[in-house]
Amino acid sequence: MRYSNVFMAFFRSGMLGFGGGPAVIPLLQKEVVEKYHWMNDDEFGDTIALSNTMPGPIATKLAGYIGYRIGGLWGLLVALAASVIPTVLLMVLLLGILQNYKDVPWVQNMSQTVVPVVAVMLGVLTWNFVRQSQKALGWGVAIFLIVTSAFLMEVIGIHPAILIAVLIAVVLVPFIKRVVSK
Amino acid sequence: MIYWQIFLAFFIPGILGYGGGPASIPLVEEEVVNRYGWMSTQEFGEVLALGNALPGPIATKMAGYIGYMEGGLFGAFVGLFSTIAPSLILMLGLMAILFKYKDSAEVKNISKVVKPVIAVLIGFMTLQFIIESQTSLGSIQTIAIMALSYLMLERLKVHPAAVIALALIYGAVTGI
């Protein structure tokens with residue numbers, strides 16, 4: 001294992017993955033499993049499945065965990081830096097340029113015409129989450145949870161954090177009971 | 001204290017966003033727009049659009065950029081740290097236990113029951129963007145651009161970066 005390989009593997013998959021962290025996964029699989037053989041397919045699959053059971057961005061969880069497994073603490077830091085820093089720099093640079101011209105009418109118009117495109121992307125993402133909920137829970141439970149949480153968050157104004165925390169607690173109670181009683 | 005606020009603004013979405021970075025975006029918006037008032041919905045939309053047009057994980061691009069705007073280089077570091085560290089530490093710490101219980105129904109259920117909540121959050125965010133666009137561009141342009149970009153993104157599978165570039169060019173040309 002060489003740190004330059006770790007860097008390149010995560011740099012390439014970060015810079016070529018359009019569509020956020022989840023889009024990076026197949027590219028990462030190519031690097032980690034097929035190119036460098038740091039893990040086999042099963043290990044990689046298990047890692048994906050488990051990181052999905054945890055909150056937070058998937059790309060950085062994978063970079064950190066895989067980096068740690070193949071190169072210890074330095075591996076973790078190298079993999080994280082490679083997957084995060086280049087794209088953040090790009091973002092700061094491009095938006096900085098845009099900010100300087102933001103009072104020019106045609107630049108203002110540009111920032112307005114992009115809003116409906118974002119709406120479509122978010123709409124598609126919404127539908128993906130609805131479909132995933134339906135596949136995992138069935139229409140009945142999925143719709144019940146969607147309607148109830150829409151009511152609690154948007155009508156009553158409960159913070160999403162509280163709702164999510166309560167749901168996790170309810171799901172985990174039987175699990176904790178079983179593990180503790182063992 | 002700005003750094004503490006930046007830490008909290010990204011810590012909460014990071015620790016509650018089930019379904020990867022995109023799932024944490026509406027939670028980030030809640031903090032950045034509604035709680036701390038660092039930007040308007042429109043500005044958040046612009047940053048998100050550009051972020052979507054660039055490669056790489058979206059949550060860290062947002063955290064790095066917003067952290068940088070509010071607190072300079074150290075702000076960017078704080079934003080990135082609070083986005084990445086909590087869930088990563090959790091993962092490293094729990095991996096051994098989780099591997100043991102990875103087939104347990106309850107562990108799998110966590111992300112299942114959280115997904116409908118995320119769907120609602122992103123759904124309402126979509127609605128917000130549509131209303132925003134309707135106010136600034138009017139109904140006809142909003143519907144036309146949405147229909148066209150849906151067609152290109154989902155039916156013709158045009159690259160998102162290309163669709164966003166086209167929308168920007170259209171905006172620039174019609175704005176002259």
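In helix α6 of chain B, the residues T142(B), I145(B) and S149(B) are buried, where buried means that 20 or more other C-beta atoms, placed from the backbone, lie within 10 Å of a residue's own, and exposed means 12 or fewer. Seen down the axis of α6(B), the buried residues fall within an arc of 75°, so they line one face of the helix; the arc is that of the directions from the helix axis to the C-beta atoms. An α-helix has 3.6 residues a turn, so residues three or four places apart point the same way. On the other side of α6(B), S139(B), I140(B), A147(B) and R155(B) are exposed.

The model is predicted; local features need pLDDT of at least 70 and side-chain atom pairs pLDDT 80 or more, whereas totals for chains, interfaces and linings use all residues. Residues are numbered from 1 along each chain as its sequence is written, and chains are lettered from A and ligands numbered from 1 in the order in which they are written.

Helix α6(B) covers residues 139–155, and its 17 residues should span 24 Å at 1.5 Å a residue, which agrees with the 23 Å between its end C-alpha atoms. The expected span is 1.5 Å times one less than the number of residues, and helices are DSSP runs (H or I, at least four residues) numbered from the N terminus. Just after α6(B), K157(B) takes a positive phi of about 55°.

Contact here means C-beta atoms, placed from the backbone, within 7 Å.

Turning to the contact between the chains, 81 residues come from chain A and 94 residues from chain B. On the side of chain A that touches chain B, α6(A) gives the most, with 25 residues. By class, that side has 55 nonpolar, 23 polar and three charged residues; Ala, Val, Leu, Ile, Met, Phe, Trp, Tyr, Cys and Pro count as nonpolar, Asp, Glu, Lys and Arg as charged, and the others, Gly among them, as polar.

As for confidence, chain B averages a pLDDT of 88, and 99% of the residues score at least 70; pLDDT is the predictor's confidence in each residue, from 0 to 100. Among the elements of chain B, α6(B) has the highest mean pLDDT (94) and α5(B) the lowest (84). The predictor gives the complex an ipTM of 0.77 and a pTM of 0.78.

Conventions: Helix = DSSP H or I, 4+ residues; strand = E, 2+ residues; numbered from the N terminus. Contact = placed C-beta atoms within 7 Å.
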